Amino acid sequence: MDTQKSTMTFYDIASGPPVVHPCAPNPWKARYALNYSKTSYRTEWVPLADVAATRTRLGVPAVRKHADGTDFLTLPILHDPSSPTSSSSTTQQQHQEKGTFVGDSFDIALHLHNKQSSSPDDGGEGVAHPPLFPLNSLALHRAFNAHVDALFSESGGVQLVMSYIPFDPATAEATKAKMARRVGVSRWEDLEVPPGSEQRKSMLAAFEAALGSGLAT
């Protein structure tokens with residue numbers, strides 16, 4: 001098998017310069033799955049300002065919405081050139097490239113898990129491929145993922161990280177303005193919760209309580 005043609009491509013949001021590194025939580029979830037499963041992949045770094053255009057170019061449908069009802073075109077996306085095109089709403093085949101595109105962090109983990117389940121041996125590569133989901137635990141992991149995702153979206157988790165987004169200085173103001181419009185506020189500053197502020201302490205306490213309460217029920 002041609003290793004280069006079988007290597008997956010992982011599209012991740014690039015942090016601002018000078019050092020590019022993973023910074024977004026949902027891509028990190030997928031990256032953990034890739035690393036844990038010992039999958040051969042390369043990273044395609046996408047500047048924050050180019051994320052929506054990249055997802056559109058790849059033809060991968062959005063899996064969530066902005067507050068104003070428009071598509072939230074974000075990352076991660078995984079391109080698996082060795083898999084046939086899936087009919088899932090979160091996957092799409094690009095005209096110029098063969099294979100499957102998966103556009104959701106949990107679905108990426110599920111894709112890797114299913115791929116390993118159908119190929120239990122190591123392909124002669126001498127690399128063990130541990131299962132991502134223990135036997136009969138998929139429904140539990142799916143529910144947990146949906147619960148935590150909802151908490152971050154609805155209980156202030158997203159707003160708490162706004163002050164720490166590593167923007168590219170060259171595009172920071174335009175990106176902040178666009179994000180503020182999508183959320184429905186007039187200024188980026190209305191989204192920020194200053195570190196050390198009483199507002200932040202109160203929001204953190206409420207978020208931690210919501211997280212703990214939800215996991216206990």
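Residues are called buried under 20% relative accessible area, exposed over 50%, and partly exposed in between. By that scale Val-158, with a relative accessible area of 38%, is partly exposed. The legends below describe views of a predicted model.

**View 1. Overall fold of the protein chain, with its 8 helices and 4 strands.** Read from the N terminus, the elements follow the order α-β-α-β-α-β-β-α-α-α-α-α. The chain has 217 residues, of which 35% count as buried, and it exposes about 12600 Å², with carbon and sulfur atoms supplying 57% of that area. When contacts between residues at least 6 apart in sequence are considered, 62% of them join residues at least 24 apart.

**View 2. Confidence of the prediction along the protein chain.** The mean pLDDT of the chain is 83, and 83% of the residues reach 70 or more. Among the elements, strand 3 (residues 77–80) has the highest mean pLDDT, at 97, whereas helix 1 (residues 3–6) has the lowest, at 64. Over residues 87–95 the pLDDT stays under 50, although the model has 25 contacts beyond four places in sequence for this stretch. Residues 121–126 also have pLDDT below 50, and beyond near neighbours in sequence this second stretch has 3 contacts in the model.

**View 3. A nonpolar surface patch made by Phe-152, Val-158 and Val-161.** The patch covers about 220 Å². One of its members, Val-158, lies in helix 6, which spans residues 157–161.

**View 4. The salt bridge between Asp-149 and Arg-64.** The closest N and O atoms of the two residues are 3.0 Å apart. This pair links distant parts of the chain, since Asp-149 belongs to helix 5 (residues 138–154) while Arg-64 sits in the loop between helix 3 (51–58) and strand 3, and the two are 85 residues apart. Asp-149 counts as partly exposed, with 23% relative accessibility, and Arg-64 likewise counts as partly exposed, with 24%.

**View 5. The salt bridge in which the side chains of Arg-187 and Asp-190 meet.** The distance from N to O in this pair is 3.1 Å. Arg-187 is partly exposed, with a relative accessible area of 46%, and Asp-190 also counts as partly exposed, at 34% relative accessibility. Side chains of opposite charge can pair when their charged atoms come close.

**View 6. The salt bridge between the side chains of Glu-198 and Lys-201 in helix 8.** Here the N to O distance is 3.5 Å. Why are Glu-198 and Lys-201 separated by about one helical turn? They are so placed because they are 3 residues apart in helix 8, which runs over residues 198–216. Glu-198 is exposed, with a relative accessible area of 60%, whereas Lys-201 counts as partly exposed, with 49% relative accessibility.

How values were computed
Residues are numbered from 1 along each chain as its sequence is written. This is a predicted model: local features need pLDDT of at least 70, side-chain atom pairs count only at pLDDT 80 or more; totals for chains, interfaces and linings use all residues. Side-chain values use heavy atoms; hydrogens and water are left out. Buried means under 20% relative accessible area, exposed over 50%, partly exposed in between (1.4 Å probe, protein chains only). Contact means heavy atoms within 4.5 Å. Accessible areas come from the Shrake-Rupley method with a 1.4 Å probe; for residues, only the protein chains shown count as cover. Patches are made of residues with over 30% relative accessible area and no salt bridge: like charges are joined within 9 Å, nonpolar side chains (Val, Leu, Ile, Met, Phe, Trp, Tyr) within 5 Å. A salt bridge is a side-chain nitrogen of Lys or Arg within 4 Å of a carboxyl oxygen of Asp or Glu. pLDDT is the predictor's confidence in each residue, from 0 to 100.
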